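Reader: I have a structure to go through with you. Can we take it piece by piece?

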Amino acid sequence: MIKSFLLDRIKLTDKIVLMKRLLKEKALPLFIFMICTIFLLAGCERASRITAEGLESRIKELLELPTVQYIYRDIVYLSEEERFLIFTTVDKRLLFSVNVVVVAGLDLKEGINVIPLQRGRARVELPPARILSVDADEGSIEQYFVKERGRAISRLEYYDEINRKKEDIRRDAIERNILFKAEENAKKLVRNFLHLAGFDEVEFARIKMTGEGG
Amino acid sequence: MVPGGKITRKLLLYCIPLLIMLGIGFFILSKPLFNIDLDFSLIRREQRAVSVALLSEAREIFSFSTVEFVYNAVFPYDFLPEEERLYIVLDKAKEGVDLPPEDRLAVEIFNFCREINLNIYEKAYHFVVITALVKAGFDLEGTVYENPASLENPEEYVRINRDRRILKLKMPEPSITSFVIQDSTSSSYKYPDIPITPYNWKRLIDLVSENIIDRVEEEGILEVARRRGEKFLERFFNDAGFEKIIFVYEG
């Protein structure tokens with residue numbers, strides 16, 4: 001009785017030792033296998049389709065008379081280098097040029113008044129000329145060279161640099177009288193319309209009150 | 001053992017950690033306190049961005065924009081059919097089947113994405129939200145309104161009846177006056193960025209521009225532009241003393 005009890009005990013102890021050894025030897029690979037499986041399954045999940053349906057497309061009423069365009073050639077150089085000790089891990093270089101277009105003219109939503117005077121004369125009150133847009137023209141891009149080692153160049157990297165320059169370009173355009181030219185051309189257009197409609201003389205003044213035009 | 005040796009060993013035991021700590025402290029505080037850049041970092045990063053912009057051209061433009069359409073499109077997914085259908089279209093293209101224009105565009109876009117390593121329907125699921133600002137109105141360049149002397153008979157464009165009450169205006173057909181892709185910045189664009197060089201970005205925009213304009217025109221932008229333009233000119237000439245304005249269009 002005691003003997004069989006002792007034999008059972010020994011067997012049980014052997015089993016426990018065996019189990020412990022198995023766990024020690026196999027647990028780590030088993031754990032890694034499970035983690036990998038979870039990650040793989042998560043990675044296999046199909047991403048939902050992205051469309052513009054959720055994005056808003058909207059229509060906006062305008063009354064713009066763009067009359068002058070200044071085109072600036074912007075030459076952009078970007079570089080980025082990353083080193084780990086003496087090893088270069090990232091080396092990016094890019095040189096390209098792009099046209100930045102400044103458009104000036106009148107925003108007639110600010111108001112416009114036509115006052116017919118005697119003997120074929122008219123007085124037109126116009127708003128001041130404004131910069132209507134400053135935008136990079138993608139069609140004019142010329143890329144001279146690109147080097148992408150370690151990491152690719154992304155779109156916002158160079159757009160940030162183009163946008164950083166826009167304020168200087170706007171200022172330069174104003175210094176070069178873009179607003180004066182825009183106003184003169186707008187006056188010319190309005191004068192032509194009124195001449196053709198039978199007005200011999202058209203005089204211009206700056207509109208006093210701003211508000212809904214047209 | 002000599003007692004002097006014991007003292008030296010004790011001194012070393014205290015001094016070495018103290019020196020190490022002083023060294024670490026100096027290394028940490030050297031930049032903020034003494035403005036000394038020791039640069040013992042394992043990883044070093046250098047970035048440079050230079051740009052010079054010079055005026056290359058000044059041009060007169062004569063157009064009258066009356067409406068703007070802000071169009072958002074997700075590239076490439078808005079220009080591709082559903083994934084299952086895309087592979088059918090690609091198979092047909094391989095077999096040389098004549099495809100309708102939208103399927104031809106899908107094949108072109110798919111091949112373009114593959115060529116520039118943009119992952120679609122797999123791995124990174126690259127995409128970019130393109131915001132197009134499309135303006136429409138009347139292009140007055142080269143018309144009698146830009147230069148009345150350009151035509152021998154300007155009356156063909158503007159006619160006034162005898163008592164100066166009715167004005168007949170001949171206008172160019174409404175058209176797209178401006179097409180601009182909004183420039184994104186890292187502060188305004190909140191979606192993930194895509195790896196693309198400027199040259200490939202230009203190609204991408206070239207690929208989709210015509211399609212976006214077609215979609216905007218299908219939404220009726222030109223008709224809205226015509227209505228808005230007529231409304232404005234009607235009020236303008238009413239103020240000038242005309243009672244009725246009749247619009248006719250070229251072509």
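Reader: How much area do chain A and chain B bury between them?

Author: About 7,900 Å², of which 57% is on carbon and sulfur atoms. Buried area here is the accessible area (1.4 Å probe) that two parts lose on being put together, summed over both. This is a predicted model, in which local features need pLDDT of at least 70 and side-chain atom pairs count only at pLDDT 80 or more, while totals for chains, interfaces and linings use all residues. Residues are numbered from 1 along each chain as its sequence is written, chains are lettered from A and ligands numbered from 1 in the order in which they are written, and side-chain values use heavy atoms, with hydrogens and water left out.

Reader: How many residues does the contact take from each chain?

Author: Chain A puts in 83 residues and chain B 88 residues, with contact meaning heavy atoms within 4.5 Å.

Reader: And how many salt bridges are there between chain A and chain B?

Author: Six. The term means a side-chain nitrogen of Lys or Arg within 4 Å of a carboxyl oxygen of Asp or Glu. There is a salt bridge between the side chains of Arg45(B) and Glu80(A), at 2.8 Å, N to O.

Reader: Which element gives the most to the side of chain A that touches chain B?

Author: That is β1(A), with 27 residues.

Reader: Switching to chain B. How long is helix α2?

Author: Helix α2 of chain B (residues 83-95) has 13 residues and reaches 19 Å from first C-alpha to last, close to the 18 Å expected at 1.5 Å a residue. The expected span is 1.5 Å times one less than the number of residues. Helices are DSSP runs (H or I, at least four residues) and strands likewise (E, at least two), numbered from the N terminus.

Reader: Which residues of α2(B) are buried?

Author: Glu83(B), Leu86(B), Val89(B) and Leu90(B). Down the axis of α2(B), its buried residues fall within an arc of 110°, so they line one face of the helix. The arc is that of the directions from the helix axis to the C-beta atoms. On the other side, Glu84(B) and Glu95(B) are exposed. Buried is under 20% relative accessible area, exposed over 50%, partly exposed in between (1.4 Å probe, protein chains only).

Reader: What covers that buried face?

Author: The cover includes α3 of chain B. Asp103(B) sits in that helix, residues 101-115.

Reader: Is Asp103(B) buried or exposed?

Author: Asp103(B) counts as buried because its relative accessibility is 7%. Not counting residues up to four places away in sequence, Asp103(B) touches Arg85(B) and Val89(B).
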